[in-house]
Amino acid sequence: MHAYNRLPSSGHSSPSTPSSPRSRSPRLRGTTNSNSGGGSGRVKPSSAARFTPPGAHRTLAHRLAWLILSVLLRRQGIFLFAPLLYIAGMLFYMGTVSFDVVPIIRHRPAPGSLYRSPQLYAKLRPEMDSDNSTAHAISTIWKNSYRGGEWRPCINKSSGGFPESNGYLYIEANGGLNQQRTSICNAVAVAGYLNATLVIPHFHFHSIWRDPSKFGDIYDEEFFVKTLASDVRVVNKIPDYVMQRFDYNMSNVYNFRIKAWSSISYYRDTVLPKLLEEKLIRISPFANRLSFDAPPTVQRLRCLANYEALRFSNSILSLGETLVSRMKERSANNSGKYISVHLRFEEDMVAFSCCIYDGGEEEKRDMDAARERGWKGKFTKPGRVIRPGAIRINGKCPLTPLEVGLMLRGMGFDKTTSIYLASGKIYDSERHMKPLLEMFPLLQTKEMLASPEELAPFQNYSSRMAAIDYTVCLHSEVFVTTQGGNFPHFLLGHRRYLYGGHSRTIRPDKRKLALLYDNPNIGWRSFKRQMLNIRAHSDSKGIEIKRPNDSIYSFPCPDCMCRSNKTEDSRSSSVT
């Protein structure tokens with residue numbers, strides 16, 4: 001008798017035979033056969049039937065592979081050895097390959113790691129020389145000069161009348177020409193604010209500039225004192241009765257060590273009480289020791305000192321004006337208009353930047369020696385990593401004369417343009433200056449414009465030579481700055497003060513230039529379009545209003561200048 005079956009019957013009275021565990025395996029399910037009569041019984045296939053590879057006509061290699069696969073499927077634990085089998089297979093394969101045909105992988109140099117400008121110049125030069133589409137660019141460059149309204153100088157002078165002086169202020173101005181200029185102007189402002197008597201600033205001798213010039217060698221001392229007479233007391237010597245208290249030795253005078261960019265309130269709260277007590281104080285060094293953000297009374301004194309009281313000595317001013325006149329004569333084809341370029345490619349500048357150019361091993365030896373000579377050990381400290389490519393891409397490398405020439409030609413200035421080059425001694429000048437002179441044959445320097453006899457009194461005095469360059473650059477139609485620093489910053493402000501608030505200065509985006517000079521595939525038209533965009537941007541930024549933390553020596557509007565036409569004030573109030 002059969003056992004009771006609780007599952008629905010399919011028409012058969014006898015229960016079906018349970019399937020073998022092996023037949024339930026997914027790998028073997030496809031090999032089971034049903035009875036032709038539709039019964040539920042199953043026929044157990046033989047081992048040979050289960051693993052017979054399809055297509056008996058296959059090659060021995062295929063059969064061997066099938067056999068190995070069958071073994072792996074039967075014994076899954078063998079997969080533990082799969083990595084070893086894989087490595088063995090790869091070694092077997094590599095043994096059959098000839099290394100003579102393995103492709104060589106060439107790594108592309110990182111952006112900025114190579115100085116490609118000479119190659120770019122060679123490529124662009126034919127089209128550059130044949131391009132006559134932008135003649136007389138110097139006459140049409142400044143299109144936005146008065147879009148924000150014209151400005152005029154308006155520094156109000158005091159009517160005079162001083163209370164008794166609180167004491168004498170003696171400062172030491174450190175740095176080069178224009179860093180010393182910062183110290184002088186800030187000293188005038190502090191002395192006026194503290195009601196102190198300012199002693200003519202002492203110029204600190206610097207190991208890099210090595211210029212022993214005194215105040216009167218560079219500036220007109222008498223004119224300086226006279227211009228400030230109604231606002232600040234200025235003397236050229238401390239009275240004997242005061243120095244007697246300090247045994248006539250300045251090292252005995254109390255010296256303030258003031259933090260950079262200190263506020264004017266610090267001088268009122270900390271310096272003034274000591275001044276009242278001692279009647280003579282010394283501040284050394286004094287460069288950048290006063291914040292740019294100051295009340296109007298302080299800013300007015302800065303304006304008065306920088307734009308009115310500081311005038312170069314007669315000898316410097318006379319030669320500077322002579323060179324300006326000669327530049328205008330050589331620019332007759334452009335109505336006396338010329339471009340001045342401040343180029344910083346002296347050996348110490350190149351060395352300090354740590355940038356690499358195309359001078360090879362000789363350049364490397366020169367730069368290593370210059371760095372050790374000027375900044376002993378600074379660049380060879382353990383752990384210090386220098387990445388010249390990153391420095392170039394970040395726009396920190398000094399532009400070479402060739403790069404300056406390419407930029408100006410791209411901006412539309414042709415071979416007939418007169419250029420005054422303000423610079424120290426160019427590193428490897430014969431090689432680096434050659435392409436610039438090819439692009440601008442009318443280029444001049446102070447050494448080319450002046451005779452040796454005219455320059456003799458200023459030779460070996462870096463600040464006096466810089467003052468001559470400053471004068472010629474100040475009166476150019478276009479000023480081009482290629483590197484940051486105090487020289488271009490002061491010129492920006494001074495030119496704004498003279499030219500209705502517009503700096504008439506080209507300030508290139510050096511990061512953008514670095515990418516363009518690093519692109520060997522760029523064509524002349526594309527390069528020129530990019531340069532014209534930089535030129536237009538400099539034009540649009542010609543008139544800028546000083547923000548709280550900007551330098552008044554670069555942005556004289558509105559502290560030192562006023563609107564020329566009151567009606568313009570309402571129309572262009574958005575500028576401020």
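Trainee: In this predicted model, which handedness has the link of C154 and C562?
Mentor: Start with the bond itself. The two sulfur atoms are 1.7 Å apart, and a disulfide joins C154 to C562. The angle about the S-S bond is 90°. That makes the link of C154 and C562 right-handed.

Trainee: How many residues apart in sequence are the parts that C154 and C562 tie together?
Mentor: C154 sits in the loop between β3 (151-153) and β4 (168-173). C562 belongs to strand β15 (residues 561-563). So the pair ties together parts whose separation in sequence is 408 residues.

Trainee: Is C562 buried, partly exposed or exposed?
Mentor: Buried needs under 20% relative accessible area, and exposed needs over 50%. C154, at 16%, counts as buried. C562 has 25%, so the class for C562 is partly exposed.

Trainee: Which handedness has the disulfide of C355 and C397?
Mentor: Their sulfur atoms lie 1.9 Å apart. The torsion about that S-S bond is about -100°. Therefore the disulfide of C355 and C397 is left-handed.

Trainee: Where does C303 lie, in the pair with C560?
Mentor: C303 and C560 are joined by a disulfide, S to S 1.8 Å. C560 is in the loop between α22 (524-540) and β15, 257 residues apart from C303. C303 itself lies in helix α10 (residues 296-309).

Methods: Residues numbered from 1 in each chain as written. Predicted model: local features only at pLDDT ≥ 70, side-chain atom pairs only at ≥ 80, totals over all residues. Heavy atoms only, no water. Disulfide = S-S within 2.5 Å. Helix = DSSP H or I, 4+ residues; strand = E, 2+ residues; numbered from the N terminus. Buried < 20%, exposed > 50% of the residue type's maximum accessible area, 1.4 Å probe, protein only.
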